[in-house]
Amino acid sequence: MMFHPETQPLSRRQVLKFAALGAAAAVAPRLVRASEEKDPYAGLKMGMQSYSLRAFDTPTALRHTKELGLKYWESFPKHIPLTTLPKQIADSKALLKDAGITLMAYGVVDFGSDETKARQMFDFAKAIGLFSISANPKKDKATFDLLDKLVAEYDIPIAIHNHGPRARYSKISDVADIVKDRHPKIGACVDTGHYLRSDESPVEALERLASRLYGVHLKDVRTVTENGRRKKLFTIVGQGDLDVLGCLRVLKKLNYQGCLALEYEENEQNPLSDIAVSLAAVRDAAAKLT
């Protein structure tokens, strides 16, 4: 039998039932919004490479990071000094804690065969609690023998950073070939923008280096032609050649636990609005993962 509420009186049970359904319907959109607001990056540890904010001092850069809704940092040395002095490390930890920012990575740091210098970096990493060290190690046996020993001893990965054409590490194979017979904690920091500059696919880089992926610098590059010459220019994430969704899909499939660090190299003195647009593009891509 059809129920016609406009002509039939409601029982007390029906009134309570419809009230409950109405309340649930009203609350549901708020729960969805709250869920999205709580985790707009689909479980990935979206953060900032602090080089993006290099024009600002450390407290200001941390404040801007927080205002942008991010909780993770990869610091470059200007913001967090590389030191083994307990007082300086405690001061840096206090700044990070007050801002609600977790320092996950640090770099990009050079490594050679000097063990004393290398140990200073690893001692700092251990004391401040890093997940990984973004690195540009020399391509020689002595350097990698030393790194083999130190990553095992300290249990902190080295993430080799590619830096574009003519750099020590430019192509995916530059990293893949040198780490393949080394300790499992010697791996990669995939810089998506620099791989684009080297005419490599960032998605392929993430896939090929998956088992040794300890860092990601997320940035975009667009290809332009000027006076008949092809050029690649850094740009806002989502406005260039980067397959943002493709990268996020790989990272989710890998259950990547490192920092996904946005790095924006343009507009040094006033980068915040560009960074905000970049983060919106990442959130839009993350929303398509489910």
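**The lining of the largest cavity**

Guide: In this predicted model, the lining of the largest cavity is made up of 3 nonpolar, 1 polar and 4 charged residues. The residues concerned are K219, D220, F234, T235, V237, E263, Y264 and E265. The space they line amounts to about 30 Å³. The count of cavities of 30 Å³ or more comes to 1.

The next feature is the barrel. It is closed and consists of 8 strands, in the order β1-β2-β3-β4-β5-β6-β7-β10, paired in parallel. From one strand to the next, the twist averages 30°. Strands β1, residues 45-49, and β10, residues 259-262, run parallel and are joined by 4 bridges. M46, for example, has L260 in β10 as its bridge partner. In general, the strands of a sheet pair through hydrogen bonds of the backbone, and the pairing may be parallel or antiparallel.

S201 counts as partly exposed because its relative accessibility, 30%, falls between the limits of 20% and 50%. Its side chain reaches the backbone nitrogen of E204 at 3.1 Å. S201 can also be placed relative to K171: the two are 30 residues apart in sequence, and their C-alpha atoms are 9.7 Å apart in space.

Terms used. Residues numbered from 1 in each chain as written. Predicted model: local features only at pLDDT ≥ 70, side-chain atom pairs only at ≥ 80, totals over all residues. Heavy atoms only, no water. 1 Å grid on protein atoms, 1.4 Å probe; cavity = no way out; pocket = protein on both sides within 12 Å on 5 of 7 lines; lining within 4 Å. Points joined across faces, edges and corners; volume = space filled by probe spheres on them. Nonpolar A, V, L, I, M, F, W, Y, C, P; charged D, E, K, R; others polar. Buried < 20%, exposed > 50% of the residue type's maximum accessible area, 1.4 Å probe, protein only. Polar contact = N/O pair within 3.5 Å; in protein donor to acceptor, adjacent residues only side chain to side chain. Pairing = 2+ DSSP bridges. Helix = DSSP H or I, 4+ residues; strand = E, 2+ residues; numbered from the N terminus. Axes fitted to C-alpha atoms, helices over the stretch in contact; angles between N-to-C directions.
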